[in-house]
Amino acid sequence: RGSGVGTWPRRVWSTVTNTEFDAAIFALAVPALGSLVIEPGVRTIEAIMVGRLGAARLGALSIGGSVVSVAFPVFNFFSYATTPMVARALAREDSEEASRLVSQGIWLSTVVGGSLMGAMLIWCDKILLTMGANAEIFPFARRFMMIRALAAPAELWLLVAKGASYGHQNTRAPLIAIAAGSLVHLVLDSLFIMGFHWDLTGAAIAVVVSQYVASLSLLYMIMRDGIFKLRDLRNLPDPTKIMDYLTAGSNLLIRTISMQTFYTVMTSYGARMGTAVIAAHAIARQCASLEALIVDGLAVATQALVAMYLGQGQRDTARRLCSRLLFLGGIAGGLLGMLLYLGRVP
């Protein structure tokens, strides 16, 4: 028993002082952090632009955005399932299997994205009324959501492509693709909202165009890197690999649905409290989402590196890596909590 008591502090101290993985972790986490934070940052700027047009339009953007933020992140498993599967295939030096996995993900994401788009177009009015859109907000929210739905396939393609790139230990390609799409988004927002005065119609068009720019750019990059080959799309979906996707993402799917349901209920209550409340909620939620995404860079490094070591049969190395990542995650969470507290309005 005495030996066990002495071992535990040594293990903790070893985790704190062990920096053998830090270079690999931050080489993946920093670019991933950039790609994760850019889009929420752009949406925050977009909310500021729309807010200049009035509380009703900002409230409509919040409700329409909430519907999208519930519908699309539910399918984050496309990225999180693709990353370890591709990483394991590449660890075995089987690029052909990696390409087949990516192609199956694209097939599945196309079907799901098309279905999601159709559902949002067909039930748009009912969804907005359920969310509590009042007579002042409803026409703006409906216009935004009807156009925004067209981006559904592109958003899911982007998730698959990001997962494949992360599995290839390449987090810079998603950063470049998302930065390009976000730049297009900002330029079109400025042109359509501030220049042409298209209100939320312009904002929705800007989002749709930017998502297709980002997803197609990243798909081209992973094709260039040899981890995705167009010829594999000629093969019909393989039920076995589709089940691999669904099985790998099932736990994450439950978590995401629970979390997004909570956010949706809160938005719905805010909408019923009035236009000013839901407009304030839009800004607060964007800021909170931006902060929460910062630590997700470590999550990307975790998926890519742990899957690689497991694919190589190095379980002890993967265990030490997980311990270090948990320590770094705790430090990051503590610092962000402190910044949030210090940044509060007196």
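In this report, contact means that heavy atoms lie within 4.5 Å. The structure is a predicted model, in which local features need pLDDT of at least 70 and side-chain atom pairs count only at pLDDT 80 or more, while totals for chains, interfaces and linings use all residues. Residues are numbered from 1 along each chain as its sequence is written, and side-chain values use heavy atoms, with hydrogens and water left out.

## The chain as a whole

The protein chain contains 14 helices and zero strands. Helices (H or I, at least four residues) and strands (E, at least two) are DSSP runs, numbered from the N terminus. In sequence order the pattern is α-α-α-α-α-α-α-α-α-α-α-α-α-α.

The radius of gyration, taken over C-alpha atoms, is compared here with a globule rule of 2.2 Å times the number of residues to the power 0.38. For 346 residues a compact globule would have a value near 20 Å, and the protein chain, with 21 Å, agrees with this. The C-alpha trace extends over about 65 × 60 × 30 Å along its principal axes.

Among the contacts of the protein chain with a separation of 6 or more, 84% join residues 24 or more positions apart. Of its 346 residues, 46% count as buried. Buried means under 20% relative accessible area, exposed means over 50%, and partly exposed lies in between (1.4 Å probe, protein chains only).

The accessible surface amounts to about 16500 Å², and carbon and sulfur atoms hold 67% of that surface. Such areas come from the Shrake-Rupley method with a 1.4 Å probe; for residues, only the protein chains shown count as cover. The chain carries 28 positive and 20 negative side chains, and the centres of the two sets are 5 Å apart. Lys and Arg count as positive and Asp and Glu as negative, whereas His and the chain ends are not counted. The place of a charge is taken as NZ of Lys, CZ of Arg, CG of Asp or CD of Glu.

## Selected residues and their exposure

The table gives the accessibility of several residues.

| Residue | Relative accessible area | Class |
|---|---|---|
| Ala-98 | 0% | buried |
| Thr-171 | 2% | buried |
| Gln-104 | 4% | buried |
| His-168 | 29% | partly exposed |
| Gln-169 | 30% | partly exposed |
| Cys-322 | 30% | partly exposed |
| Glu-93 | 75% | exposed |

Ala-98 belongs to helix H5, which covers residues 95-122. Apart from residues up to four places away in sequence, Ala-98 touches Val-86, Ala-89, Leu-90 and Ile-227.

With neighbours within four places in sequence left aside, Gln-104 contacts Asn-235, Leu-236, Pro-237, Asp-238, Lys-241, Ile-242 and Tyr-245.

Glu-93 sits in the loop between helix H4 (77-91) and H5. Its phi is near 60°, a positive value in a residue other than glycine. Most residues other than glycine have a negative phi.

## The loop between H8 and H9

Thr-171 occupies the loop between helix H8 (152-167) and helix H9 (172-195). Residues up to four places away aside, Thr-171 touches Ala-27, Leu-28, Pro-31, Ala-32, Tyr-166 and Val-300. A polar atom of the Thr-171 side chain lies 3.1 Å from the backbone oxygen of Leu-28.

The loop between H8 and H9 also holds Gln-169. Phi of Gln-169 is near 65°, again a positive value in a residue other than glycine.

His-168 is placed in the loop between H8 and H9 as well. Beyond its neighbours within four places in sequence, His-168 is in contact with Val-86, Leu-90, Asp-225 and Ile-227. Val-86, Leu-90 and Ile-227 are likewise among the residues that Ala-98 touches.

## Helix H14

Cys-322 lies in helix H14, residues 315-342. The C-alpha atoms of Cys-322 and Thr-302 are 7.2 Å apart, and the two residues are 20 residues apart in sequence.

Notes:
A polar contact is a pair of N or O atoms within 3.5 Å; within protein, one must be able to donate a hydrogen and the other to accept it, and residues adjacent in sequence count only if both atoms are side-chain atoms.
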